[in-house]
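Subject: Structure handover

Hello,

I am passing on the structure we discussed. Please have a look at it first; my notes on what was found follow below.

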Amino acid sequence: MKRLVVLAAATLLAGSRAVPADTPTTATPPPLVDSAVLRAQAERIAVMDRAKDSVLGIFSPSGSGGGSGVVISADGYALTNFHVVKPCGDALKCGMADGELYDAVIVGVDPTGDVALIKLFGRDDFPHAELADSDHVAVGDWCFAMGNPFLLATDFWPTATYGIVSGVHRYQYPSGTLLEYCDCIQTDASINPGNSGGPLFDAAGRLIGINGRGSFEKRGRVNVGVAYAISINQIRNFLGYLHSGRIVDHATLGVQVGFDEVGRVVVENILEQSDAYRRGLRYDDEIVSLGGRRITTPNGFKNVLGIYPKGWRIPLSFRRGGQRYDAMVRLRGLHAVEELLEKAAGRPRDLPMPIPEPDKEPDPDDEPGPREPPSPDEGPHPDGSRKIDIPTPLPGQPQMRAPRTEPPMAEIVKQHFEARRGFANYYFNRLNRDRVWKAWTARGDFSAMDGLWTLAGELEGSEAFQFELADTGGRFALPGGEAKWIATDDFGASLAPPQSGGLLPALYLWRRLAVTGPEQFGDVTYLGTLPLPARQETVDALVGLYKGVECHFLFDPVEGHLLAVEVFPEEDVDPCEIYFSEYHQVDGRFLPGRMEVRLGDDLYGVFLLQQCRFKEDTGSQKEAVKEGGRESENDGGTD
Amino acid sequence: MTPPMIRSLLWLVLLAAPLALPAAADSGAPGNRALGRSSIAETITQVQPKIVKIYGAGGFRGMEGYQSGMLISPEGHILTVYSYVLDTDYLKATLDDGRKFDAKLLGADPKLEVAVLKIDAADLPCFALDEAVEVESGTRVLALSNLFGVATGNEPASVQHGIVSVKTSLAARRGVFETPYSGSTYVLDAMTNNPGAAGGAVVTRRGKLVGMLGKELRNSLNNTWLNYAVPIAELRTSVDEIRAGRFDPERRDASTARPQRSLQLSMLGIVLLPDVLQRTPPYVDQVYPGSPAAAAGIRPDDLILLVGERLIQSCKALRDELEHIDYEDPITLTLLRDQELLERTLQAKIEEEP
């Protein structure tokens, strides 16, 4: 032990490069630390000094519980763990390195991925972390964690722990029943209770993950050199959904995979209602890649699935009899709606790390960590002396305190909170729905155009077409014939025209949204952000429910254009998809010049719009679907 | 200059020496990708294929059914720790590339808790034990193992970083750490010795083999866990001997000549635990008073590890081995008692024929 003490003292000396003052110059060794090391150290100190500003200590309004977090935008959106905010409630207090305590409100939660988005109030210039591309993180990279382990910092100055990336693309089985860590980053930087929800930074101080879980077994809930961070790329996929104020669900393909006898990953079970099945995937097919990532193990398959939210479409490649097939598949929800809500409200025993209490006087004989019942395998010490109590948890029984009476919600939080079933905070859903709606209507206001809509042009292949849309239904005319569709209460009953999957109902709903707006349409909420085939960036999505039919309206997040409408007449069938493009301005409104209609794997048709007429309902003579010929007026003219 | 000061300066030199040489490559400069990544990432890429995931007996609480190992020959010799995990006929080894092999316990030296496994393979990446290095306190090292069984299949082993705090002997800690191993160890300042980590490799930043992670050791005084590695130099002789056929657990084949009259446990005055498992560990249950075993100081609860140099893994293996020993020859038993290894030589007492 003595040797260790001497060593420790010597290390400190070496670290500070202190040379005893009375040492004769001749005996002083020249500085032995290479200048490159000193430079690296100075750089590291500078990086950490910058990084600390975005780090949060998170507490419930009463000061109980706690964890860490990190701000990711100047207007105060911040990330943490679901299991940190859950015991705190809807309102939070966040301490930052500037010594200030800020009010914050819950925005959205991902209980399965153990992520929560919160928003801080009080500044519009919050220091925030830069998000890295965590797919480029490699084993051996230096990294550091920041946060408030054991709630040590009373001035909110975060604790830094330094380490390397020990593993990437790690899969960790669900702890308890819910929290599944997929595709996570493993580090040997010290992660202790209270670090939960805090950032894992790369060596340049960019955010690569959110620390949330450790391999804690018999050694108690303190660092064991193995901790896991949720990758920032996974969180980036969920970020739009989290902004929707929802309780967000993860996804499944509806497929179980396993190794076959020669070590390929094959389909062992497949749900016939799944999109994967409709896209042609069958039992015993080999999974080649998913989400653009080569699949070589069942864990690798689960890793990829774990980083996507419900409803995303991702590329799937599979092989059967030497033939390779590529498809875009829609992911199903991992949970039934009720199931997810129940789990989100679940018992604290499912939480992977206990939350330390800040205001508890530490027992002088005790570790400063959370106090746990002693492990059953710790017998009394043979000589009767008291052991230093390194807390060891009983399996499945992290100690959680009953929430004490919380002080009333701060006024600023109250103004930004709206409870609604299925949502963590409906306020933010409305906020984003209105943002998307405003951006779209700024491109063209159709609210007065509640009469007959006539869209005419040429099908690719030079056949003329015309659509007529009104409150009562729609009509689709080609030179060779026509299809009519009447809007009834049994909305999804007829999906005219045949083989389109319901093009007329889809156009009808598009017109309805444009005319009535999200408040009158039915129930319209902001869904989040989704990828769109052949598009780099994700797009904003509104989801509308009208007479039992679900429709998605996808918008360009920059331009505000409507990019696509998808109408799902019922669950587990392919939607009719309309893709709008080639927007151009006509009479102060942006109108699409091209409309591509798809159903499942098939292209129904490409419609080149040449003339669009939008009429106001004059009230006296309600326009109905009627015979129509080619309009002679100027393009896009309105009455 | 006062003596403590001299000591401090000495430490300064010791600490600085390993820093100064590879400083440029090992600085791990934040933001300096080219520097920080090249040395460690290259080392990791080079070492990871040599790490083996081993699966065997265990699998219940506190007794993980897995550990780590490292390849030490291109034809599939695996160095690992000798533990209960190896106590099965169904040992499996998974290589870094995901290939799974049946592994055979070639032999083990209980004194050093070292074992060598063999898989049927060729052209494997491996460590050369004779190229292992000895390092000083302050040397920066990487530890690679499958701790907590985090990796499966072709997923790479976990990597941790740290420094060698001190090279010391655990013998002085007897009664504190429960281990029969009494040689020197590298104490590490990283949380390396977790469940499943035993058998993993500790290497320098340049990938030179330094030591093998040992079994979990808890300090019985303060309830903390020791993070340590056994220097390869301590293991080399044993490993060579095991590979040369010493400490072979295999029963002699049936053709081996047997003495006319074999040794029996009753002649030694030893009664074993009832043989109820496929592999019941050969614990002594009773020792007859006045017997050769009693005279040699053998006691109930002693575990018999070796007969001569033959590794004994079960009651049945012990009886089989005695079959091949003439009742008049003395035998040497290596025993484990309270984590201490004892050697006792016994001579059977021949009953007078009536």
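In this predicted model, 8 residues of domain 2 of chain A are in contact with 8 residues of domain 3 of chain A. On the domain 2 side, the touching residues are 3 nonpolar, 2 polar and 3 charged.

Chain B is assigned domain 1 (24-243) and domain 2 (265-346). Here 8 residues of domain 1 of chain B are in contact with 10 residues of domain 2 of chain B. The side of domain 1 of chain B that touches domain 2 of chain B divides into 3 nonpolar, 2 polar and 3 charged residues. Between the centres of domain 1 and domain 2 of chain B, taken over C-alpha atoms, the separation is 31 Å.

Chain B also has an open sheet of 4 strands, in the order S18-S17-S19-S20, with antiparallel pairing. Strand S18 (310-311) and strand S20 (340-346) of chain B are at the edges and have a single partner strand each, so one side of each is without a neighbour in the sheet. Strand S19 of chain B, residues 331-337, runs antiparallel to S20(B) and is joined to S20(B) by 7 bridges. One of the bridge pairs is Ile331(B) with Leu346(B) in S20(B).

Regards

Conventions:
Residues are numbered from 1 along each chain as its sequence is written. Chains are lettered from A and ligands numbered from 1 in the order in which they are written. This is a predicted model: local features need pLDDT of at least 70, side-chain atom pairs count only at pLDDT 80 or more; totals for chains, interfaces and linings use all residues. Domain bounds come from an automatic or database domain assignment. Two residues are in contact if their C-beta atoms, placed from the backbone, lie within 7 Å. Ala, Val, Leu, Ile, Met, Phe, Trp, Tyr, Cys and Pro count as nonpolar, Asp, Glu, Lys and Arg as charged, and the others, Gly among them, as polar. Two strands pair if DSSP finds at least two bridges between them. Helices (H or I, at least four residues) and strands (E, at least two) are DSSP runs, numbered from the N terminus.
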